[in-house]
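Hi,

Here is the structure I promised to pass on.

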Amino acid sequence: MNKGHQYEVSLYGVFSPVDLKAILDRMTLHSESSAPLHLREVVFEPLVRPADAPVDQGILHAQKDTTEDKSSWVLYSYLKPESSRVYPEAMVRPWATCLVQGDGLAFASALGYVRRSEVYKRGFVFRRNGLVIQIFQIEHVDPKTAQPIPAHVDSLWKVEVKNAAPVRNTQELPLVKNSIAAILEVQLMMKGLLDLRREDILAA
């Protein structure tokens, strides 16, 4: 692990709409705060990628909170996750963020990235022990109006649990270990209602 990097620690899950109320009730009971969530997310990839670069190398996510009129774009840059042999409990990957005043999409393009996909995430966001817990359905974009299409009532709900801000990892200050411990508390808290796992395991 590169000690100069900052890291995101995360777990993921999916569940049926019939479980929504029970999951929200339990999450509300054990969280410090909650709020509506509606994010616009645009994923970019490098315009030019070395032939030997991993598929997920240099992926850039641009997010904007559409619940606030004057919210700024935030860019999230990810590198290849650490090995599951080193961190079997949660996904740990190098992570950097950048707040953009103005047109974040144009800024990403100017950095040499091209747009790969775009969705909206609508649901709820909770905060607990330095973590952000997002519970949402995906809304795809209408190509004619460029507006989000409401998710079908039977669409699955997705969950992302991650540290609220990038953390560094040193022997003296093992923040990644602390973030993993906090995330595993959420995993245990939701046991019986929601199965939270590493994303690579979930996608297998």
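To start with the surface, the chain exposes about 11400 Å², and carbon and sulfur atoms supply 55% of that area. Accessible areas here come from the Shrake-Rupley method with a 1.4 Å probe, and for residues only the protein chains shown count as cover.

Before you dig in, please keep in mind that this is a predicted model: local features need pLDDT of at least 70, side-chain atom pairs count only at pLDDT 80 or more, and totals for chains, interfaces and linings use all residues. Residues are numbered from 1 along each chain as its sequence is written, and side-chain values use heavy atoms, with hydrogens and water left out.

**Overall layout**

You'll find 4 helices and 8 strands in the chain. Helices (H or I, at least four residues) and strands (E, at least two) are DSSP runs, numbered from the N terminus. Reading from the N terminus, the order is β-α-β-β-β-β-α-β-β-β-α-α. Of the 204 residues in the chain, 39% are buried; buried means under 20% relative accessible area, exposed means over 50%, and partly exposed is in between (1.4 Å probe, protein chains only). Taking the contacts in the chain with a separation of 6 or more, 68% are between residues 24 or more positions apart, where a contact means heavy atoms within 4.5 Å.

**The aromatic cluster**

There are 3 aromatic pairs in the structure. Rings of Phe, Tyr and Trp (its six-membered ring) pair if their centres lie within 6.5 Å; planes under 30 degrees apart count as stacked, over 60 as edge-to-face and the rest as tilted. Phe-15 and Trp-157 are a stacked pair, because their ring centres are 6.4 Å apart and their planes are at 10°. This pair brings together distant parts of the chain, with Phe-15 in strand β1 (residues 7-15) and Trp-157 in strand β8 (residues 157-163), 142 residues apart. Trp-157 also stacks with Phe-124, since those ring centres are 6.1 Å apart and the planes are at 20°. Here the link runs from Phe-124 in strand β6 (residues 113-128) to Trp-157 in strand β8, 33 residues apart. Phe-15, Phe-124 and Trp-157 make up one aromatic cluster.

How covered are these rings? Both Phe-15 and Trp-157 are buried, with Trp-157 at 9% relative accessibility. Phe-124 has 30% relative accessibility, so it counts as partly exposed.

**Salt bridges**

I counted 12 salt bridges in the structure, each one a side-chain nitrogen of Lys or Arg within 4 Å of a carboxyl oxygen of Asp or Glu.

- Glu-118 bridges to Arg-40, with the closest N and O atoms 2.7 Å apart. The pair connects strand β6, which holds Glu-118, to strand β2, which holds Arg-40, 78 residues apart. Glu-118 counts as buried at 17% relative accessibility, while Arg-40 is partly exposed at 22%.
- Glu-160 bridges to Lys-121, and the closest N and O atoms are 3.2 Å apart. Because Glu-160 lies in strand β8 and Lys-121 in strand β6, the pair ties together parts that are 39 residues apart in sequence. Glu-160 is buried at 12% relative accessibility, and Lys-121 is buried at 4%.
- Glu-185 bridges to Arg-128, the closest N and O atoms being 3.3 Å apart. Glu-185 is partly exposed at 40% relative accessibility, whereas Arg-128 is buried at 15%.

Shared partners join Glu-8, Glu-41, Arg-93, Lys-121, Glu-160 and Lys-162 into one salt-bridge network.

Arg-93 also lies over the face of Tyr-78, at 3.8 Å from the ring centre. A charge sits over a ring if NZ of Lys or CZ of Arg is within 6 Å of the ring centre and within 35 degrees of the ring normal.

Leu-47 is in the loop between β2 (33-46) and β3 (59-65), and its 60% relative accessibility makes it count as exposed.

Cheers
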